Amino acid sequence: MSFFPQGATGGTSAAGTTGGTGSSSLFGSLNLDTSVPSAADPTAKRKSVFDPSSTTEARSKSAMFSNLGGASSTPATSAAPAGLFGSTTTTQPASTGGGLFGSATATPGTGTGGGLFNKPATAAPASGGLFGTNTSTNNQSQPSGGLFGGGASTTTKPSLFDVNNAQANVAQSATSTNPLGQPLGASMLGGAGASQSQSQNPTQHNGAQPQNRESVYFNGLLERQKKKIRFSPEQDGQLGQLPSMNMDLGDLARRAQELGQKNQKLGHSSAKDSRAHYLLSASGVTPGQAYKDFQKLNSDAPLPAAQSRIDFADEGSAYLRGMQAKGREAMLRESMDRVYRDVDAFIEESLGIDFDEQKKRIMQHFGLIAKDAADDTNPSGGSFGQSKSYSKSKSSRRSIFGRSGLDKSMIGNASSVAGSPSFFSGQASNPPTGLSKNQTIRDLRDKERMFMQKVEALNKSRVEERNYRIFHEFKGVESGPGDVPKQLIDAYSALEEITKENTTENGLRERLFANAHARSSSPADSIKLKKQILEGSRRFLEKSFYRELEDMVQKNPRSAQLGGQPTIVNKVRAYIRVRQEKHDLAPDGVELTRIGDNGDYCWIISFYLLRSGHVQQALEYVNSDSAFQSVDRRFVSFLASYASNNGRLGQKLQDMINGVYQQLTRVAPKDTVDPYRVACLKVLGRCDLAQRNLESIGQGVEDWIWLQFALARESESPDDAVRGVFGLEQINETVKEIGDKHFQKGQVEAANSYGTFFLMQILAGMFEQAVDYLHSFNPVSAVHAAIALDYYGLLQVSDYQTAGNELLTSTTTGHPQINFVPLIAYYTTTFRAALPVQSVEYLALICLNSDLPKPLGEIMTNACHECLRELCLETREFAALLGDIRGDGSRLPGAIEKRASVIRLESHEQFLRFITSQAAAVADSRGQTADAVLLYHLCDDYDNVTTVLNRALADAVAVELGDEPISLQPLKPRSSTGSSASDTASQTSQQPNSSLSLTQSTSSAFELAKNMTSLYDSNAMYFSRISHQNRATCKVLMTMLSARAKIEHPTNPEYLRALEELNTTSILPLGSEGNIPTIRQMATSFSGLPQLVARCAGLVILWCVRAIGALREQGGREGTWGLPGASDDDVNQLKGQLSQMAKDLMVFAGLVRYKLPGRVYDLLTRAGGDVGGY
């Protein structure tokens, strides 16, 4: 069965005859019988398609794009190129080449070239362009090349499949078609190269080929010979003058017909001037185009008809009409653009969203557009929310909780999951839950709760201007429940030694080291701080080693054999005995010096006394032991000078120690010198600073770090620089190299031992780098370590506006900085919704840096204020954060006001201006009516309170009758939830139910306005600070809502009472009784009504008309007219009054028609006829 179905009839053969029916084979159009010729096609007996032998016929050598060019076709005898599945045996004229996309008229010929796909021979296109179209209607197929239209090679190649059976050899028929409808042998790109005329040569046969294949070939030659014209013997002399022919009579007839048609089209000029055409074409001239150009220059052609006379009047009218249309379009376009701009501005102002910027950020997030480099480093990129900003300093303003002026929110979305996604880049290695190894969620929550208590105590001490031992308190929290690295606790102990906080009972002064650690500090202050860091770190390491020494002695009492008095020297002797029993004092074969009757290791005792920081005890030991003086008398003087000068020796003495050290290490035989003696000389004389390690002495990380600090010195003297520079900066470089090699953030080993490198950074004074490194593994501990360091001024902070999403940045001079504002703000993500008061305690710490030089100090202060303001707007805990008002008018201070002194708000007026008033304005712009009312009330801006209430009442009036009324978002009442312990005690002693947040917690605008107006009317101070217009507007709107409630009562509507209440507003002519001057006067005064009242007047007129209609319907149905038990006279009088009211309302509505909404007037027109208004 054929995979490519053929036509019902066969294709046309090379000779132009029609074949048989379509075959069911895959190649059904091919003549598979190569032995017997077909009756319909005597030339069909040809060579097999897989025959390895080839003829010597010259094949056309067309390239893949040989059809590029414009050569005209010339009759020539050439063999068509063999394709992938076909071969050709006939000669034909060369085809006309076309352009790349041009079309050409093919010359008739017999083409049987094979291609990858066959095409019916009824459409024989000439060689066109790459995708060229053919204008030929010739039914002969075009000779073509191989798979892509290229010419086949002239060399003989064996068949792809060597089949010996003659019946299995497939000869490609010229009448076959392919599924794509292309000619057999045509290029897949649509072009067929122009064949060059070549002579035909007999084919050389290979004797090894089978006889049947040779017979097939010669049979084909015999059939072709029969087609040639025969000449008589008397015409032999003319044979040499005739060209060889390879066409039968039918082909010659078609060829002559095509040539005749071509000559008719060209005006019989091509036959005469063909040779000239060739010459001009070779020179680049197109004769046909030139002939057409010359015809256009015919001088005898008549002139174009004269144009009709223009009617200038019609032209002017058309011009004016066009200008008028363009003017209208321009006006409409300008109006629409203005409307679009106004709507966009209103939305941006109301919702705080820049849609263009939001679209850009969304597209950047999904990778649709390239992310700008400036957005990565500039904090003005980020979230999709935006809030209005009201700070007076525009350069330093930026929303910390939400975008302000397209700035990025640095607080993130509130989350209850620990370890929420971090604001800072490069923190992807954090555990998704924020937990350390072997730590549970409960342990983490307990740790956070204890830290909250310590931070609250810290702020309370700051408010009371007392010192606070922050390192000691935070170390106690880290020592609590939970599996944390021991090095975190040791880091706080080291900071206590560095700052000498442990030497005082009440702690140190706030920001004590801020000037010395600042970038602009003087050299003397900077060197003093470096010396303090070196001494404090060395002292911590010495004390830590002595504690380990005592622990080992206590754990191994039998090996220690302490006995006697537990002096420091005796403890060191006991420690040496334990180490000796473990065989780790020195490598095997090393000679250790022993003196005295007890066999003390004198150099080991001296070294460990120096290692534990007991220099005086070491001096007493060497002075009291006469045997030691006999061993090395000079060491006693060295140690005495070292102890008296606080570790600093003179040049002469240091040279002496260095000479002894060089003699022992280089001259003396190896393993004959006590390594502890060399270690003591190295520590005392700072010998060989290039090799800062102790050979042949087992030492841990702490021992190696101690040696670095024991050898380091900071001095301003030039002599010290000559001796050898090794100070705190060199230690920092060493620690940095170690971190880059062994403690990178992405390494698994670093995650298991991050505490070790954190301790090393703290000891080296790399406080900013330590916080950044710890934040990658333990964010909670990192935040509080930063708070503790910043409290004493040991942390340099950066401007969050330029730091972007980086926690650690550097100045232009290379000083590290911590992005402190988002570090604190993002930490409140997990608990600020549930514990807003505790969030205030953390956010208030941002103002620790307010003492920095301008403008950085002001930036930190404004950032703190904006954080607090956005916290109020997000949590809506206004009563707990900003305060509350009792019923008698007294104020209940909130958590922020209690911390006003530590957030640089010195007075109550500053608190109202910077925090409360701006929060009230933002709440008002967001449509949070209840929140804005409370906040404006707290700001003592009672007139604005009434303005907000009036807008809410007008919105409630604008709702259609029968629709659900507008509900306000109620206030969050003040409660002890989220408050501190001290606040809870003070709240319980007061009357909570009398506070404003509890009594005004309602979702109804009418109830809120009613409660607030009753509060203001009862207090002359409040009443006097509200404008008369606002009071009157509020009263009228409340009356409208009260009447509406009576009209919409579900069971017992009171229409008459509603009309009486609306009559008291004096804005509608309900009591004019048909007096036209009165109605006109009210219509005239309508323009002077407040905007909110005038906007609602149309709807109120509609209410009155519907109330009158409802009364008429009720009277017709029940006969009571709303007056049960009334007499007929009263009923008739009421009917007349209602009818007159309806007429007066319609007259009034007609007078103020153009001041009412169109929809309202249309409704009035329809309803007025029903109630007898006209």
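## Exercises on a predicted model

In this predicted model, helix 24 contributes seven residues to the lining of the second largest pocket, the most of any element.

**Exercise 1.** Describe the second largest pocket by its volume and its lining.

Solution.
1. The space in this pocket comes to about 890 Å³.
2. Its lining has 35 residues, with Asn732, Met766, Glu768, Gln769 and Pro816 nearest the centre.
3. Elements giving two or more residues to this lining include helix 13 (523-555), helix 24 (728-742) and strand 3 (808-810).
4. By class, the lining residues are 13 nonpolar, 13 polar and nine charged.

**Exercise 2.** Determine how the buried residues of helix 10 are placed and what they pack against.

Solution.
1. In helix 10 (residues 470-478), Ile470, Phe471, Phe474, Lys475, Val477 and Glu478 are buried.
2. These residues lie on the same side of helix 10, because they cover an arc of only 155° around the axis.
3. Their packing partners are helix 9 (441-463), helix 11 (486-499) and helix 28 (779-791).
4. Lys475 also belongs to a network of salt bridges with Arg469 and Glu496.

**Exercise 3.** Work out what the salt bridge between Arg462 and Glu510 connects, and classify both residues by accessibility.

Solution.
1. The N to O distance between the two side chains is 3.6 Å, within the 4 Å cut-off for a salt bridge.
2. Arg462 is in helix 9 and Glu510 in the loop between helix 11 and helix 12, so the pair ties together parts 48 residues apart in sequence.
3. Arg462, with a relative accessible area of 7%, is buried.
4. Glu510, at 24%, is partly exposed.

Technical notes:
Residues are numbered from 1 along each chain as its sequence is written. This is a predicted model: local features need pLDDT of at least 70, side-chain atom pairs count only at pLDDT 80 or more; totals for chains, interfaces and linings use all residues. Side-chain values use heavy atoms; hydrogens and water are left out. On a 1 Å grid over the protein atoms alone, a cavity is a set of points where a 1.4 Å probe fits but cannot get out, and a pocket is an open set with protein on both sides within 12 Å along at least five of seven lines; lining residues have an atom within 4 Å of a point. Grid points are joined across faces, edges and corners, and a volume is the space filled by probe spheres set on the points. Helices (H or I, at least four residues) and strands (E, at least two) are DSSP runs, numbered from the N terminus. Ala, Val, Leu, Ile, Met, Phe, Trp, Tyr, Cys and Pro count as nonpolar, Asp, Glu, Lys and Arg as charged, and the others, Gly among them, as polar. Buried means under 20% relative accessible area, exposed over 50%, partly exposed in between (1.4 Å probe, protein chains only). The arc is that of the directions from the helix axis to the C-beta atoms. Contact means heavy atoms within 4.5 Å.
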